[in-house]
Amino acid sequence: MKDVLVIGSPNSGKTLLFNRLTGLKQKVANFPGVTVSTHAGTASFDPTLQLVDFPGVYSLHTISGEEEVAVRAFQQAIQKIDKTKAVLCVLDATRLEKGLFFALQVREACVAADLPFVVACNMVDILDKHKLRLDLDGLERELGVPLVGVSAKSGFGLERLQQVLSSDNLTTPPADSNLLARDEGWERNRAEQLAHTYGPKGDLLLKSHSRLDDFFLHSVSGGLAFFVIMFSLFQAIFTWAAPMMDAVEASLGWAAEGIVPHIGNQLLADFVRDAIFGGVGAFLVFVPQIFVLTLVVGTLEDSGYLARAAVICHRPLNAFGLTGKSFVPMLSGVACAIPAIYAARTIESPRKRWLTYMAIPLMPCSARLPVYALLIAAFIPNESIAGGLLGLQGLAMFGIYLFGIVTALLVTAAISRVTPDEEQDAPFVLEMPPYRLPSWQSILRGAIERAGYFVKKAGPVIFWITMLIWFLGYFPNQGQDLSQSYLAWAGRLIEPVFQPLGLDWKYGIAILASFVAREVFVGTLGTLYGIEDATENVVSLATRVQESGLPLASGVALLVFFAVAAQCVSTLATLYREGGSAKLPLQLLVGYGLLSYALAWCAFTLLS
């Protein structure tokens, strides 16, 4: 099997094209640096070819740590002539000069390595839509390499590109006669000349983007648009996800009623009802909210808005010791902290990258979402205000998310002011990607995969922990009295720690179990209530929490605790790998643990 190395600039549609050619479903993000590692997949059109997708870079002359890693990996790959068949460079037809500047560098590297070189000119459908012309034949003659106009979004031109990549007649590009006189300035001039000669004439696309930027980057309208978009995101988590959550809950209840009565062994029947449907089932009810969250964030990414949001946020974030480039890692942390930590590699300043690492664990990630959703559903009525435009539960979700973000900013501001800054920061420079209609198929598929991945990642952990919790809570009296179980005995040992928050031993056990993964809290609590009240609905955990007598002050204290505590072992392990030291993850584990407890106690005391 031979490799085809796929490389291109950020926002060129490279990863979407890679997905089209391989059938894989890698994440597509319209922001530089979101892809931080190579991905490989067998070509769907030729099983003898393997495509390798490299991170997007602007130049082979690196300016950031992430680009250096990507370029080094690419340079090592092109030296393996016996394994590599060709290099495929993807460029944006709507920004031809920038793409050609990079393509000329890659072409030179292929000449030096004696490798065939192919160029895919992506997004030609946008040019056709605006009646702009690109002279592909002339550009192909000038470069001396196969050049194919494609649209990764619509599929236009993919068949010809597949034929080119499968061909046995690919050859190394001819060397330029003035190779010795070449430098970066020559490459820029050459790219400008080629774009002027063969590229689309007119600035129609630029004018269109400028009009939109006049609104989205305006100090007033841009800020208001940002607030409305972010607010709508959290309203959608409840509004759009509610029918799907009801469907999942009804399906699980129907399955429990149909399965449990037919299990002859009482021990097994109790386990299936309490641990499977009561524990794991209670967690699955909240998965649709993760799907909706990923769907909305993916739409913002694919449309080109996130880079604008980073610009809007640069000045306020800078006041807290961060940079506008911290915005995307922090927003990525709303989905999961692990890719957010990787995305922080795009921040050139080591200090601001370190501060961003400190902020990411405080972002309200999707693992917290089931906990938030459970407690909000239990304590906040499902009512609307403002003529039905705003839901109280959505407002509460927005409030707890805002609390986590504000806490992160206050922490980084405090630390940035008490620790010395001995480095000279690089200026804030960010490319504005073009506005595009999102690729709905890709976004929807990505949201489904993200929800599925979350279930696959969290499901086994929740299953084993709920099984352990069920076993300890069921014996020695076969679930007749939870207060006399092994679990109750262990819970009462730690109960004094959580009593100041108005929480009994059951919540203490669930909190301790959630240190493995935050979402385990829901499964553990579902198992405990399942054992205690097996005759009730085995899925509606929010109703059980509501009827248990837990005061509102304790519910708010739990929300505050989970918003701040650094409880995810995977996040801490990723910080250790990225930082190369256990110092930062240990500091966050202890520091955020104490801070979360103190803030939870304050919330409980004020509301009691």
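What pLDDT does the protein average, and what share of the residues score at least 70? The average is 81, and 89% of the residues score at least 70. The model is predicted. The protein has 608 residues, and buried residues make up 56% of them. Its secondary structure consists of 26 helices and eight strands.

**Overall figures**

- Among contacts between residues at least 6 apart in sequence, 75% join residues at least 24 apart.

**Confidence along the chain**

- Over residues 28-36 the pLDDT stays under 50. For residues 28-36 the model has 39 contacts beyond four places in sequence.
- Residues 534-538 also have a pLDDT below 50, and this stretch has nine contacts in the model beyond near neighbours in sequence.
- Where pLDDT is low, the predicted coordinates should not be read in detail.

**The six-stranded sheet**

- Six strands form an open sheet with mixed pairing, in the order β2-β3-β1-β4-β5-β6.
- Strands β2 and β6 (147-149) stand at the edges with a single partner strand each, so one side of each has no neighbour in the sheet.
- On average, neighbouring strands of this sheet are turned by 25 degrees against each other, direction ignored.
- Helix α1 (residues 14-22) packs on the sheet and touches β1, β2, β3, β4 (84-92) and β5 (117-122). The direction of α1 makes about 160 degrees with that of β3.
- Helix α5 (residues 136-143) packs on the sheet too, touching β5 and β6. The direction of α5 makes about 160 degrees with that of β6.

**Strand β3 and its partners**

- Strands of a sheet pair through backbone hydrogen bonds, either parallel or antiparallel.
- With strand β1 (residues 2-8), β3 pairs in the parallel sense over five bridges. Here L5 stands opposite V52 in β3.
- With strand β2 (residues 39-42), β3 pairs in the antiparallel sense over four bridges. In this case H39 stands opposite D53 in β3.
- Strands β2 and β3 form a hairpin, with six residues between them.
- Why is strand β3 (residues 49-53) described as largely enclosed by the rest of the structure? The reason is that four of its five residues are buried.

**Strand β5**

- Strand β5 pairs with β4 in the parallel sense over six bridges. The bridge partner of V87 is F117 in β5.
- Six of the six residues of β5 are buried, so the strand is largely enclosed by the rest of the structure.
- In a regular strand the side chains alternate between the two faces of the sheet.
- In β5, F117, V119 and C121 point one way, while V118, A120 and N122 point the other way. All of these residues are buried.

**Nonpolar cores**

- The largest nonpolar core has 125 residues, of which F327, F521 and V545 touch the most other members.
- Helix α19 (residues 440-474) gives this core its largest share, ten residues.
- Leaving aside neighbours within four places in sequence, which residues is V545 in contact with? The contacts of V545 are L374, A378, F379, Y507, L525, Y529 and L550.
- Another core lies apart from the largest one and has 41 residues, among them L60, F74, A93 and C110.

**Helix α17**

- Ten of the eleven residues of helix α17 (residues 369-379) are buried, so the helix is largely enclosed by the rest of the structure.
- The buried residues of α17 are L369, P370, V371, Y372, A373, L374, L375, I376, A378 and F379. L374, A378 and F379 are also among the contacts of V545.

**V292 in helix α12**

- V292 is found in helix α12 (residues 287-303).
- Is V292 buried or exposed? V292 is buried, with a relative accessible area of 2%.
- V292 and T239 are 53 residues apart along the chain, and their C-alpha atoms are separated by 9.6 Å.

Notes: Residues are numbered from 1 along each chain as its sequence is written. This is a predicted model: local features need pLDDT of at least 70, side-chain atom pairs count only at pLDDT 80 or more; totals for chains, interfaces and linings use all residues. Side-chain values use heavy atoms; hydrogens and water are left out. Buried means under 20% relative accessible area, exposed over 50%, partly exposed in between (1.4 Å probe, protein chains only). Helices (H or I, at least four residues) and strands (E, at least two) are DSSP runs, numbered from the N terminus. Two strands pair if DSSP finds at least two bridges between them. Axes are lines fitted to C-alpha atoms, for helices over the stretch in contact, and angles run from 0 to 180 degrees between N-to-C directions. Contact means heavy atoms within 4.5 Å. A nonpolar core is a set of buried Ala, Val, Leu, Ile, Met, Phe, Trp, Tyr and Cys residues joined through side-chain atoms within 4.5 Å. pLDDT is the predictor's confidence in each residue, from 0 to 100.
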